[in-house]
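Biologist: Please show me the sequence and the model. Then I will ask about the inside of the fold.

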Amino acid sequence: MNKFARNNNTHKKYEEKKAVLIVGEGKNTEKIYFNQYKKSKKFNKVSITVKSAGNTTDASGIVKYACNLQERHDKEIFEKIFCVIDMDVTAKDKTVENNFTKAKVLAKKCKIDLIISMPCIELWFLLHFKFYNKPETNCKNIIDELMEFEKNYSKSESNLEKIDFYNKYSDNLIIAIDNAKKLDSKNNYKYKEVYPVTYIYKIIEAIERFENTKKKI
């Protein structure tokens, strides 16, 4: 019996759910946002676990943390594992480039999906309001643009909790997804090309797909 099941009924209920793990860097922005998403939707067919990788902020460290979590569980427990990574660095930084290369190799080995945001997750938030495709941008630029629409935005944990971004702007989610896909088709993340791109939408679509899949008879 699966170690998470207490009896046949709960075992059956657990089996019907697709388990998804989302791991972000040590900053709490990603964790707070996806926990808001998780609580708001109240999924019946998906079990979502959201973790922050301790004090780790580099790509390979985040992926390694996720791999270790996977190893401590039953190999079949997570249907999907996502590592959310901000790339708010200069493309000329060889240390960061090498680190990201290591992250890709480890992610492939552990069957983890890398969810990149260039420069940062705030791009995903900004795309709820407008399409943004300026090259050589940085996270400060993005946050300045974002504050035109959400003037109280800041990365502080208390502020992020108070704003409750997912619920406050959930009506704009389709706009954000469409804008992110436009960036994806135009730019498609390449390390040496510092153009804005975010794959956050891929997490949302994967979870929604799991939730809306009809049970086979």
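**Cavity, core and backbone**

Modeller: The largest cavity is lined by Thr29, Ile32, Tyr33, Gln36, Phe125, Leu160 and Phe165. This is a predicted model, in which local features need pLDDT of at least 70 and side-chain atom pairs count only at pLDDT 80 or more, while totals for chains, interfaces and linings use all residues. Residues are numbered from 1 along each chain as its sequence is written, and side-chain values use heavy atoms, with hydrogens and water left out.

Biologist: How much space lies in the largest cavity?

Modeller: A cavity here is a set of points, on a 1 Å grid over the protein atoms alone, where a 1.4 Å probe fits but cannot get out; lining residues have an atom within 4 Å of a point. Grid points are joined across faces, edges and corners, and the volume is the space filled by probe spheres set on the points. The structure holds 1 cavity of 30 Å³ or more. The space in the largest cavity is about 40 Å³.

Biologist: Which helix gives the largest share of the lining of the largest cavity?

Modeller: By class, the lining has 5 nonpolar, 2 polar and no charged residues. Nonpolar covers Ala, Val, Leu, Ile, Met, Phe, Trp, Tyr, Cys and Pro; charged covers Asp, Glu, Lys and Arg; the others, Gly among them, are polar. Helices (H or I, at least four residues) and strands (E, at least two) are DSSP runs numbered from the N terminus. The largest share, 4 residues, comes from helix α2 (residues 29-41).

Biologist: Which residues have the most contacts inside the largest nonpolar core?

Modeller: A nonpolar core is a set of buried Ala, Val, Leu, Ile, Met, Phe, Trp, Tyr and Cys residues joined through side-chain atoms within 4.5 Å. The largest one has 69 residues, and those with the most contacts inside it are Phe34 and Trp124.

Biologist: Which helix gives the most to this core?

Modeller: The chain has 10 helices and 5 strands. The one that gives the most, with 7 residues, is helix α10 (residues 200-212).

Biologist: Is Phe82 buried or exposed?

Modeller: Phe82 lies in strand β3 (residues 80-86). Beyond four places in sequence, Phe82 touches residues including Val20, Ile112 and Ile203, where contact means heavy atoms within 4.5 Å. Buried means under 20% relative accessible area, exposed over 50%, partly exposed in between (1.4 Å probe, protein chains only). Because its relative accessible area is 2%, Phe82 is buried.

Biologist: How far apart are the C-alpha atoms of Leu123 and Ala180?

Modeller: Leu123 sits in helix α5 (residues 122-126). At 0% relative accessibility, Leu123 is buried. Leu123 and Ala180 are 57 residues apart along the chain, yet their C-alpha atoms are separated by 9.0 Å.

Biologist: Which residues does a cis peptide bond join?

Modeller: Look at the loop between β4 (113-118) and α5, which holds Pro119. Omega is about 10 degrees for the cis bond, which joins Met118 and Pro119.

Biologist: What is phi of Lys42?

Modeller: Lys42 is in the loop between α2 and β2 (46-52). Lys42 is exposed, with a relative accessible area of 65%. Its phi is positive in a residue other than glycine, near 50 degrees.

Biologist: Is Lys111 buried or exposed?

Modeller: Lys111 is in the loop between α4 (94-110) and β4. Lys111 is not a glycine, but has a positive phi of about 60 degrees. Because its relative accessibility is 73%, Lys111 counts as exposed.

Conventions
On a 1 Å grid over the protein atoms alone, a cavity is a set of points where a 1.4 Å probe fits but cannot get out, and a pocket is an open set with protein on both sides within 12 Å along at least five of seven lines; lining residues have an atom within 4 Å of a point.
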